[in-house]
Amino acid sequence: MGEDGSVTSAPQRPDGPTPTPRLIATDLDGTLLRDDKSVSLRTVAALAAAEEAGIEVFFVTGRPARWMDVVSDHVHGHGLAICANGAAVVDLHAGREFVQVRALPRATALTVVETLRAAAPGTSFAVEMTTGINYEPLYPPFFQDPGAHVATAEKLLEEEADDTAAPVLKLLAHHAELTPDEFLALARSAAGGYAAITRSSPTALLEISRLGVSKASTLELCCAERGISPAEVVAFGDMPNDVEMLRWAGTSYAMGNAHPDVIAAASGRTVANNEDGVAVVIERILAERTAHQR
């Protein structure tokens, strides 16, 4: 069950026939992946069929590169994926090598930390870098990382802050008492002038990137390199960090389990992630394309 309830009937398509895209952009968690974090056989087949039909597939996720193994076997052709909400483009065919990094300046991250500590006392932080994640003692370690350093955010951001320091991909902020949307609204009001702030977790966990960095802006760069226009892109998502991408794409689908803001941003709606909502739409696109070619 999503934040707005699940759609289990036929997908609600945008007005008119679904155009044959040149590129499919899909979020992972809550969208392409089932709740158990698996990729269904139906979805694997749909992705492969899209690539065989000449449609590029981009995974566009908030996940860091080190968490991309779940889909690394299902990237064909270019092998690229957009990670960390647009802060990095990685090559999954080359061992998750960073192709592009749009880093959050450490000075900006420190300003955001100071601002959110004042606006929302009790906030704890983690720092996601190209080398891994480090976090504060009170930050909930949602996924244990044995290589993580534990210290205050100020210390984590200030130490080794020279030209050799690992780029910061995003800052994460957690609050134990505020609701997720309350925390997001408060943070954007207090610190939205310094950085891009969004969320994808069902908890009050915010993801903070360099101003102007989002899934949409990095996807736009990747598409421009390929001569692909927004009208030639079909995008899928379920959470607030997908909103800009869904608005940018010519055709977009909110999952049946999507957040209300995502439903409002998308031009259509498909069934929930556990019902293979992405595959349902891809299958229909390919079937319509085949029928048109006859």
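At what angle do the axes of helix α4 (residues 106-119) and helix α6 (residues 180-191) cross? Roughly 125°, with the two axes coming within 10 Å. Before going on, keep in mind that this is a predicted model, in which local features need pLDDT of at least 70 and side-chain atom pairs count only at pLDDT 80 or more, while totals for chains, interfaces and linings use all residues. Residues are numbered from 1 along each chain as its sequence is written, and side-chain values use heavy atoms, with hydrogens and water left out.

Two packed helices are described by the angle between their axes and the distance between the axes. The axes here are lines fitted to C-alpha atoms, for helices over the stretch in contact, and the angles run from 0 to 180 degrees between N-to-C directions. Helices (H or I, at least four residues) and strands (E, at least two) are DSSP runs, numbered from the N terminus. Angles under 35 degrees count as roughly parallel, over 145 as roughly antiparallel, 65 to 115 as roughly perpendicular and the rest as oblique. α4 and α6 are therefore oblique to each other.

The crossing of α4 and α6 is also right-handed; a crossing gets that label if the near helix is turned clockwise from the far one by less than a right angle, and left-handed if anticlockwise. On the α4 side, V112, T115, L116 and A119 make the contact, and on the α6 side it's L186, A187, A190 and A191. Contact means heavy atoms within 4.5 Å. Sorted by class, these residues come out as seven nonpolar, one polar and no charged. For that sorting, Ala, Val, Leu, Ile, Met, Phe, Trp, Tyr, Cys and Pro are nonpolar, Asp, Glu, Lys and Arg are charged, and the others, Gly among them, are polar.

Now turn to α2 (41-52) and α10 (277-293). Their axes come within 9 Å and cross at roughly 35°, and the crossing is left-handed. From α2, the residues R42, T43, A46, L47, A49 and A50 meet A279, V280, I282, E283 and L286 of α10. This contact has eight nonpolar, one polar and two charged residues.

I282 leads us on to the largest nonpolar core, which has 34 residues; F59, M68, V71, F236 and I282 touch the most other members. A nonpolar core is a set of buried Ala, Val, Leu, Ile, Met, Phe, Trp, Tyr and Cys residues joined through side-chain atoms within 4.5 Å. Buried means under 20% relative accessible area, exposed over 50%, and partly exposed in between (1.4 Å probe, protein chains only). Elements that each supply at least two residues of this core include α1 (28-32), β2 (56-60) and β11 (233-237), and α10 gives the most, with six residues. Pick M68 and look around: leaving aside neighbours within four places in sequence, M68 is in contact with L28, F59, T61, R63, A81, C83, L92 and R96. There's a second, separate core too, with 26 residues, including M129, A151, L156 and L206.

L169 is buried because its relative accessible area is 3%. Beyond four places in sequence, L169 is in contact with A84, A87, A88, F98, V101, L104, E128, M129, T130, I208 and S209.

Although E177 and A120 are 57 residues apart in sequence, their C-alpha atoms are 9.9 Å apart.

Finally, the backbone. Most residues other than glycine have a negative phi, and most peptide bonds are trans. K37, in the loop between α1 and α2, has a positive phi near 70°, and D276, in the loop between β13 (268-269) and α10, has one near 65°. Are they buried or exposed? K37 is partly exposed, with a relative accessible area of 41%, whereas D276 is buried at 6%.
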